[in-house]
Structure formats: structure tokens, C-alpha cells
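Colleague: Could you walk me through this model? I have a few questions ready.

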Amino acid sequence: MLLLILWNSVSRSINSPLILPAPHAVFSEIVSYLASPEFYWNFLQSIHRFFISFTFSMILGCILGFFCGKSVFFNNFLRLPVTILRTTPIVAIILLLVFALKSDFVPVAVSILMTLPVVISSVSSGFVKKDDDLKLLQMAKIFNFTKKQKFLYIFLPRLMPFFKNAFISCFGMTWKVIAAGEVLCLPQKAIGSMLAKAQVHLETEKVFAITIILVFFCYCTEKICRILLFSLPSFITGKTKLPAVENFSTEDFFAEKQPEPIELKNISFSYGENQIFDRYSVSFGEGTVNAVFAPSGKGKTTLLNYIAENFSGVSYCFQEPRLIENKTCLFNVALPLFNLTGKETAFKIAGYFLKETGLYDKLNEKVQNLSGGQKQRVNLARSLAFPSQILLLDEPFSSLDEENRRRIIKFLSDFLSNGKKTVIFVTHNKKEAELLNCKSYSL
């Protein structure tokens, strides 16, 4: 309303319909166009061109973006033509193509050439691996994710923001380029040809009317596509029914294997010039709970990572949560169990351990909405729910308040008392180690 008032005031003060027509004159033309069958036929032809160019640009751009992201050679090969297309003025490309193509095809060709670099650039950026991606992949390896699970829950969520950016940028740019191409090359049936005709006859109110209709249609269709592609799938998925965890026992679902001893002999490890281990040896007895103490930077996490990579049957509570942020607490804990027990049983087991870690009321809460301490409890619940002979705990209580720390340590002490797991517990807190009856080691 403020814009309309401002528009009307400026129009009256200028008093020149050729420069800025009054709002009522423009809206009168909008009504006239919307009542005209010829307008709809022109509009449908422009939509048809838009659909062809947008679809082609997205499909080809995603394919080329994939190869650019996966291959340095391919990325370097395409860099020059992509840069040329990105920097060349639209008008120049249109005028060149007018000599080579029919007027009906020029807007489509120009649109593809102008939007393709945007899609390629956005999609290829999604394949740049970051530290968080590598940590999630390590987590997936330890918890035996399948290739399908890695794609769906690690690679796809990482790519989606870049694909979404490519989709939105391509969508808006395609409309602009199609309209510009139609204005310059004048196809027989096109909304751009109507704009050009109105401009030639100095009918500014018609130019405004057609532009407003185009902007409104583009805005509405983009919103609908966003809902269908990015919002509706997660809405349909909905919430998982809360599993019943009363009188639950993990022994009903897992036949625990015998715990394994851990023997490390003469291991050496360094980061650049920083020597972490130099011919280090240590032995952890089977079925024992062991606490490892050392100052920061002395290799506690490195030791756990080495064990995780070189021993089978390992479950790991990481120092940082390494969770799938756009999934719920229940799903994060249950996901590693899907291939072992089936979904229904996996959800029951996950619900039990989330309850014991004080998160039963957060089962259907997405991880991205949790606090740091809550994420750490999900991380701990996942490591306890996963059946293993070796359990690695990397400062699992560091983010917890005192009340939750005491309650979870009590549960963990009872859970580990049967001696069915070999546990290595990294901590700075000697009192926590005493409560878990740990055998102590120093690095």
C-alpha cells in the first residue's frame, strides 16, 4: 500500500504518463490483458520457451557441475568457456544468434548459454570437501553405513543448499533472459514481443502491466517449486511414532559377542613436524573399562582414531557430536542399526538409550535445534546403542551440566558393569574415571 501511495504521488507530480503512468491506468491494462485470449496464447509460448531452457540448463548444468566437482582436469577444461559466457553481455549474444537461428529459438539458446555457468558453478561448489564432511564420513565408516545411506544422509544434504541456490538463480535469470531475447528478436507469439510493441507505440502503461504480470507469475511459480522440492518432502516424512521403551532390555535384540583386548605395539604418528607417538605401545584387557589421561594436544583423540581405524567391532562417542543435523535425535541414533535389526527394532533401541540419556522428550526434535549438551547426549546414545566389542568415549561428558553428568555416569556404570565391552574413556576429570571404576593410563 505504501508503494502504491508513493507511486501515485510521484506519477502526479511528474504528470507525464510516458515516463510514469498512474497506478489506475496500469491496473486497467492488467485487467484488459487478463481478459484477452491472445495474451494467454502469447504467455503460454513464453512459458514453453522458459520450461525448455530452464530444464535443459538444470540437467546439463548439474551433470557438468558434478564432473567439475569430481575432476580437477574437467574443472580446468571448462573454466575458460564458463568465464567467457559469464562475462559476455546478454545483448551481444542475442544479436549474434539472431543471424544463426530462427527468432523462436534465439531466446531459448541465449537463456541456456547465460544460465548454464551459474548452475555449473553452484553445483560444483557442493563437491568441495570440508573438515566436517570428512568427520561425518569417518563416523559413517565406523557405524557401517551403506553406500545408499552415505549418499542420502551425508552427500545429498551437503549438496542440497548448492542445488537450491542453482535452482533459484537459474529460475529467475531464465525468465529475464527469455523476456530480453523475445524483445530483441521478436518471435511471432511471445510476451516479449508484446513488450516491444508497447514500447514502440510509447504505451508505457502496457509495458508496466506486462512487467507486473511477469514478476507476479515468476514469484508465484518459484514459491510453488520451492515448496514442492525443498519443503514438501520433509513435511510428508513427518514424525516417527514414539517407541515404547518400558521393560526394555538390549539382550532381547543383541547376542553380545565376546569383548576384544586391544594391543598396540610400537605405533608412531605425527602431524607434519609434530610427533604425537614415537614407537608407543599399550595393552587394554578384554572387558575392562580404561581411562586415558593426558594434557591437550598429546594424542588422546589420535589414539582413539587409530583404534577405530584398525580394529573391527568398534563404537565411538566422538569429542564433537558428528550428527546428521537435518534429522531427528531418534533417527540419528537408530540409523546405524537399520541394517542390523530393521527399522522398528532400531527405533525401540534408540528410544531406550535416548530416554536413559534424558532426551526422550526430544526424540522427534531435529538435531539442528538442540543445544551443544543435548547434541553430545545424542552422540553418546548412538555409541551405546550400536552393538560392539570395543567402545571408545572421547570426553563424552564435557558439554553436560552437573545433573545430567551424574545421572548418565550412573547409567553408564551399570551398563558397562557386565564386562561385555572393552572401553577406552578419554577424560580430563579423574573423578569421572573413579565413578566408572576405570583402570587409568597416562600418555
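Colleague: Happy to start: in which helix is Ser111 found?

Modeller: First, a note: this is a predicted model, where local features need pLDDT of at least 70, side-chain atom pairs count only at pLDDT 80 or more, and totals for chains, interfaces and linings use all residues. Residues are numbered from 1 along each chain as its sequence is written, and side-chain values use heavy atoms, with hydrogens and water left out. Helices are DSSP runs of H or I with at least four residues, numbered from the N terminus. Ser111 lies within residues 106-125, that is, in helix α6.

Colleague: Is Ser111 buried or exposed?

Modeller: Buried means under 20% relative accessible area, exposed over 50%, and partly exposed in between (1.4 Å probe, protein chains only). Ser111 has 0% relative accessibility, so this residue counts as buried.

Colleague: How are α3 and α4 oriented to each other?

Modeller: Axes are lines fitted to C-alpha atoms over the stretch in contact (heavy atoms within 4.5 Å), and angles run from 0 to 180 degrees between N-to-C directions. Helix α3 (residues 37-70) and helix α4 (residues 72-87) pack at about 120 degrees, with axes 5 Å apart. Angles under 35 degrees count as roughly parallel, over 145 as roughly antiparallel, 65 to 115 as roughly perpendicular and the rest as oblique. The two helices, α3 and α4, are therefore oblique.

Colleague: How many disulfides does the count come to?

Modeller: A disulfide is a pair of cysteine sulfur atoms within 2.5 Å. The sulfur of Cys62 is 8.9 Å from the closest cysteine sulfur, in Cys170, too far for a bond. For Cys68, the nearest cysteine sulfur, that of Cys62, is 12 Å away. The count comes to 0 disulfides.
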